[in-house]
Amino acid sequence: MEEKMKTEVERSAMIDTWLEKHRLIYTGATRHPFILSIRDGTIDMTSFKRWLAQDYLFVRSFVPFLSSVLIKAWKESDDNTDMEIILGGMASLSDEISWFKREASKWGVLLTDIIPQKANQDYCRFLESLMSPDVEYTVSITAFWAIEAVYQESFAHCLEDGSKTPPELQETCERWGNTGFGEYCQSLKRIAERKLQKVSDDVLTKAEVLLLRVLEHEVEFWNMSSGGT
Ligand SMILES: Cc1ncc(CO)c(N)n1
């Protein structure tokens with residue numbers, strides 16, 4: 001009994017514990033030079049258009065990943081509000097795809113001719129590996145939260161007082177930086193935290209490892225957008 005309680009105490013706020021432990025990579029993903037250049041208004045529009053085109057492809061792969069999380073929630077969750085939160089996320093992806101199309105045409109980016117770059121391919125392949133039924137719901141929802149949280153934290157930073165985000169990029173930043181999206185990320189985090197309290201140590205380690213993978217992929221995605229590789 002005492003052992004079990006101790007474990008549960010140690011496991012409360014698991015995600016915050018991990019974020020502190022992996023602070024450097026988390027900051028690398030949420031305060032990347034690409035984001036800082038939007039925030040200080042020095043962004044090169046070629047980079048922005050590259051990001052826009054590549055992220056459109058990413059979001060298309062994100063849909064099947066999300067549906068795999070939805071299936072896992074339906075099968076494995078002990079709380080039926082999980083499914084509704086995930087379903088809400090799926091519904092907004094439909095809107096997001098329309099937004100990408102409008103934004104691309106505004107910038108003269110042809111979405112039909114985009115070739116996925118290596119970082120994008122690697123990230124999409126990673127998402128596909130998470131779709132396997134062998135990946136536990138807890139692990140999937142933790143990764144899902146991390147994917148959304150990086151964008152939320154990054155773009156919200158571009159909207160803070162004192163930022164010099166160009167007016168034409170304001171809408172992009174608001175897409176992920178708005179408070180509604182922030183609350184949605186908080187809901188995903190609460191689901192993940194609740195599930196993480198109940199899993200075996202093996203699954204817990206797996207969730208931590210995959211959280212780190214997400215952060216690495218996010219950094220690579222920004223690097224690719226910046227034009228490096
Ligand atoms: C690369 C990437 N990560 C996260 C999100 C958030 O949905 C996105 N659109 N693209």
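**Ground rules.** I am working with a predicted model, where local features need pLDDT of at least 70, side-chain atom pairs count only at pLDDT 80 or more, and totals for chains, interfaces and linings use all residues. Residues are numbered from 1 along each chain as its sequence is written, and side-chain values use heavy atoms, with hydrogens and water left out.

I looked up the UniProt record. An unreviewed entry lists "domain: Thiaminase-2/PQQC" at residues 20-226. Such annotations may be inferred rather than shown by experiment. I found 80% helix and 0% strand in residues 20-226 (DSSP runs: helices H or I, at least four residues; strands E, at least two). The end C-alpha atoms of that span lie 27 Å apart.

**Ligand.** I listed the residues around the ligand (a heavy atom within 4 Å): D55, F58, V59, F62, Y123, I147, E148, Y151, W176, E218 and F221. Next I checked polar contacts (N or O pairs within 3.5 Å). A polar side-chain atom of D55 is 2.6 Å from a ligand nitrogen. The E218 side chain also places an N or O atom 2.6 Å from a nitrogen of the ligand. For E148, a side-chain N or O atom lies 2.8 Å from a ligand oxygen. Alone, the ligand exposes 280 Å² (Shrake-Rupley, 1.4 Å probe), and the protein buries 100% of that.

**Surface.** I placed I71 in helix α5, residues 45-76.

Conventions
Polar contact = N/O pair within 3.5 Å; in protein donor to acceptor, adjacent residues only side chain to side chain.
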